[in-house]
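I begin with the rings and then turn to the open spaces.

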Amino acid sequence: AVELEKGIFNVNSRGSNAIITKSTKAAPITVKGSTFSVTGYNSNAINNLGDGDVSIDQDMYASGRNTTFNLGKSADGTTTTATQYSNGIYTKGIGKLTVDHSTFNIAGTDDGRNNGIFIDPSANGTIYSVNNSTFSVESGAHSNGIRMEATQNLTVENSSFTTKGNYNNGIYANSTGKDIKVKTTDFNVADGTGSNAIYVKDGVLTLEGTSSANKNNMTVKGTKNNGIYLVNGGTGNATIKNMKIDVETPGTDEAGNNGIYISNGRTIAEISDTNINVKGKQDAKGKWVNNNIGILVGDDEPTGTTTPPTAASIAKIERTKIDVKQTDANLDKNTDKTGTGIYMYNGNVTLGEETVLTGDSNDILINVRNRDHDNTLKFKAGTGMGTQVKLEATGNDNIGINIEGGHSYHSHNTSLAIENTSTNDGFSIDFVGKNNVGIKNNLFAKTL
């Protein structure tokens, strides 16, 4: 066995490694409380090409110093350097990888494509787990905290991810048919564009926060970023529980962010016990500037060779609160804006028991685009009194469900089906104010 504690390693040349294993009978590697600094092109702190297990943890002294991986920074951490295609940990063999109490700082200029942890497509270990660790991604484009390419299971618990820059991800998952389990972990997409907290190309995602009142957080800032993105053409569904998702507008310009983005052909099996807050910024007149979306369902992307594209779907949303008070999508009565709780572009959505969408004035709680694709929205109550879906607002000029974009030449069937699981009402609309509309058929709908 190889055991390292409180070591310091600097890697600053092309194609280099601090630690590399190649043997088919490689000894296990244990690293505790050490620091790795990697700069340059195609280099790694730990490069496991063999079959040995790799274990990373803090040291055993009272200080409990984390093992730290710095990519794209000078040894003193003050200068960002040209670093690309480099990794904190790269693993390819059949050995297990367990990471605990570690810090990953992923920086670097030029092409980027750096990763805190890169699990190669050919990796075949039985365990890939990350616990009590912190990831900061602020590298050049297409960099990730964790890049999971192997057809194996991944578990992440009690950790945090912060993403900055363009087209970067906290977790990138491409594991066909395998589980990506993320528990009690916080995410922050802090700035940039085209980035995601969790990007799922293939794999079965389970994202579960704590069940206490203080849910785990996922914050989305910047522009055209997403909290969770299920990519078009991929496989595997997702389950989201006990999360607090804040979709924010960092400036006075509209941001176009999404809390959850489900592309065509993808499915979310369940969203439950989750709070989604669609936030904006007030302009000089005190009106909210916001075209963010809590949940975006479907798009125009083709689903392989399927024509028309297969709809995205959410099998159930239960005990979930979606707050759109800072959107003002109905401020201009002649223009449909996108800021809303749920935006249905090409999808099937079922809202279940005790789900509440809340606005105040000039808000659209659910928007259905009735132009290029069919959409189906269903409401199912619970089995007890007061468990119906609720659309509520106190203020003027609100719309509960807005059917927009319809045209007699480009119309599709928007189906609004009210379904009950008992004798209770499927949904209720509670608007207090003036000029409020429960369901608005804006322009044209062929079938309702």
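Entry on terms. I count the rings of Phe, Tyr and Trp as a pair if their centres lie within 6.5 Å. The model I examined is predicted.

Entry on aromatic pairs. I found 12 aromatic pairs in the structure. Phe-9 and Phe-36 are stacked, with 4.8 Å from centre to centre and 5 degrees between the planes. Phe-9 belongs to strand 2 and Phe-36 to strand 5, so this pair ties together parts 27 residues apart in sequence. I noted that Phe-9 is partly exposed at 22% relative accessible area, whereas Phe-36 is buried at 1%. Next I looked up Tyr-199 and Tyr-229: their planes stand at 85 degrees and their ring centres are 5.6 Å apart, so the pair is edge-to-face. Tyr-199 in strand 22 and Tyr-229 in strand 24 are 30 residues apart, and both are buried.

Entry on the cluster. Phe-9, Phe-36, Phe-69, Phe-104, Phe-135, Phe-161 and Phe-187 form one aromatic cluster.

Entry on Arg-147. I found its charged end over the ring of Phe-118, 5.7 Å from the centre. Arg-147 also lies over the face of Tyr-172, at 4.4 Å from the ring centre.

Entry on pockets. The largest pocket holds about 200 Å³ of space. I recorded 15 lining residues, with Asn-42, Tyr-85, Asn-87, Tyr-90 and Phe-118 nearest its centre. By class, this lining has three nonpolar, 10 polar and two charged residues. The second largest pocket has a volume of about 170 Å³. Its lining includes Asn-257, Tyr-261, Asp-299 and Tyr-345. Strand 27 and strand 32 each give two or more residues to that lining.

Conventions. Residues are numbered from 1 along each chain as its sequence is written. This is a predicted model: local features need pLDDT of at least 70, side-chain atom pairs count only at pLDDT 80 or more; totals for chains, interfaces and linings use all residues. Side-chain values use heavy atoms; hydrogens and water are left out. On a 1 Å grid over the protein atoms alone, a cavity is a set of points where a 1.4 Å probe fits but cannot get out, and a pocket is an open set with protein on both sides within 12 Å along at least five of seven lines; lining residues have an atom within 4 Å of a point. Grid points are joined across faces, edges and corners, and a volume is the space filled by probe spheres set on the points. Ala, Val, Leu, Ile, Met, Phe, Trp, Tyr, Cys and Pro count as nonpolar, Asp, Glu, Lys and Arg as charged, and the others, Gly among them, as polar. Helices (H or I, at least four residues) and strands (E, at least two) are DSSP runs, numbered from the N terminus. Rings of Phe, Tyr and Trp (its six-membered ring) pair if their centres lie within 6.5 Å; planes under 30 degrees apart count as stacked, over 60 as edge-to-face and the rest as tilted. Buried means under 20% relative accessible area, exposed over 50%, partly exposed in between (1.4 Å probe, protein chains only). A charge sits over a ring if NZ of Lys or CZ of Arg is within 6 Å of the ring centre and within 35 degrees of the ring normal.
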